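Below is a short report on one protein model.

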Amino acid sequence: MALRLGDIAPDFEAETTKGRIKFHDYIKYIKGSWTIFFSHPDDYTPVCTTELSAVSLSYADFESRGVKLIGLSANDVSSHEGWIKDIDALAGGSVNFPIIGDKDRSVATLYGMLDKLDKTNVDAKGIPFTVRTVFVIDPNAVIRLTLAYPASTGRNFPELLRVIDSLQLGDKYKITTPANWQKGDKVIVHPSVQGEKVKELFGDNVDTVYPYLRFTPDPSTKA
């Protein structure tokens, strides 16, 4: 069965470029931190190299939000270690997060990452590589977001930062975020907040468009 939002992220053990890990230990070793787990079809491939370079350049943005990163590619760790040299050279920095070696596709199978669409996205034996899957996992190991991009399309990592901002804000305050929201924009009062609770939480700073659509300033911007 496919993993769904609200499921506990399946645990596993694997070798990575930073040593052997138990996934749930990795998720929880920094209390209160979030995890982005993302897959790459293959080492030494053009789109994957640009993606990991982009993530390396954005690493501080994720770290400042309490987010840990962990990648996966369907190759062994020794292959990853050679490939990282190319990524570092392109980014002008270093890959500071682990990449899982998953040559046997055991983790990719567990997380439903394998490609069924692109018949060219396979290894020499015809075994599928992964698509570009993303799992955003909260501090309690709960899956909060999933994305799957085809092998031919690189991901938009600023969008993942936007999603993290939205999820973390929604967990702290009783709000949701509208279409195309960016940090600092107005947010929406959660539908569960009614009656006197609205004023208690948001004061007079509520713009009611419809009874079910109520905007309020981003509470994280308050002094």
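Is Asp-138 buried or exposed? Asp-138 is buried, at a relative accessible area of 6%. Buried means under 20% relative accessible area, exposed over 50%, and partly exposed in between (1.4 Å probe, protein chains only).

## Basis

This is a predicted model: local features need pLDDT of at least 70, side-chain atom pairs count only at pLDDT 80 or more, and totals for chains, interfaces and linings use all residues. Residues are numbered from 1 along each chain as its sequence is written, and side-chain values use heavy atoms, with hydrogens and water left out.

## Salt bridges

Twelve salt bridges turn up in a search of the whole structure. The criterion is a side-chain nitrogen of Lys or Arg within 4 Å of a carboxyl oxygen of Asp or Glu. Asp-138 pairs with Arg-144, with the closest N and O atoms 3.2 Å apart. Arg-144 is partly exposed, at 23% relative accessibility. Elsewhere, salt bridges with shared partners join Glu-13, Glu-15 and Arg-20 into one network. Within it, Glu-13 and Arg-20 have their closest N and O atoms 3.5 Å apart.

Arg-65 and Asp-165 also form a salt bridge, at 2.7 Å from N to O. Arg-65 sits in the loop between α3 (59–64) and β4, and Asp-165 in helix α6, so the pair ties together parts 100 residues apart in sequence. Asp-165 is buried at 9%; Arg-65 is partly exposed at 22%.

Helices (H or I, at least four residues) and strands (E, at least two) are DSSP runs, numbered from the N terminus. The expected span of a helix is 1.5 Å times one less than its number of residues. Helix α6 (residues 157–172) has 16 residues and should span 22 Å; its end C-alpha atoms are 23 Å apart, which agrees. Its buried residues include Phe-157, Leu-160 and Asp-165.

Helix α4 (residues 77–91) buries Trp-83, Ile-84 and Ile-87, among others. The buried residues of α4 pack against β1 (13–16), α2 (46–57), β4 (67–73) and β5. Just after α4, Gly-92 has a positive phi of about 70°.

## Asp-102

Asp-102 lies in the loop between β5 (99–101) and α5 (106–110). It is buried but has no salt bridge; Arg-105, the nearest side chain of opposite charge, is 6.4 Å away. A polar atom of the Asp-102 side chain lies 3.1 Å from the backbone nitrogen of Ser-106.

## An open sheet

Four strands form an open antiparallel sheet in the order β8-β9-β11-β10. β8 (175–176) and β10 (207–210) are at the edges, each with a single partner strand, so one side of each lacks a neighbour in the sheet. Pairing requires at least two DSSP bridges between two strands.

Key. Lys and Arg count as positive and Asp and Glu as negative; His and the chain ends are not counted. A polar contact is a pair of N or O atoms within 3.5 Å; within protein, one must be able to donate a hydrogen and the other to accept it, and residues adjacent in sequence count only if both atoms are side-chain atoms. Contact means heavy atoms within 4.5 Å.
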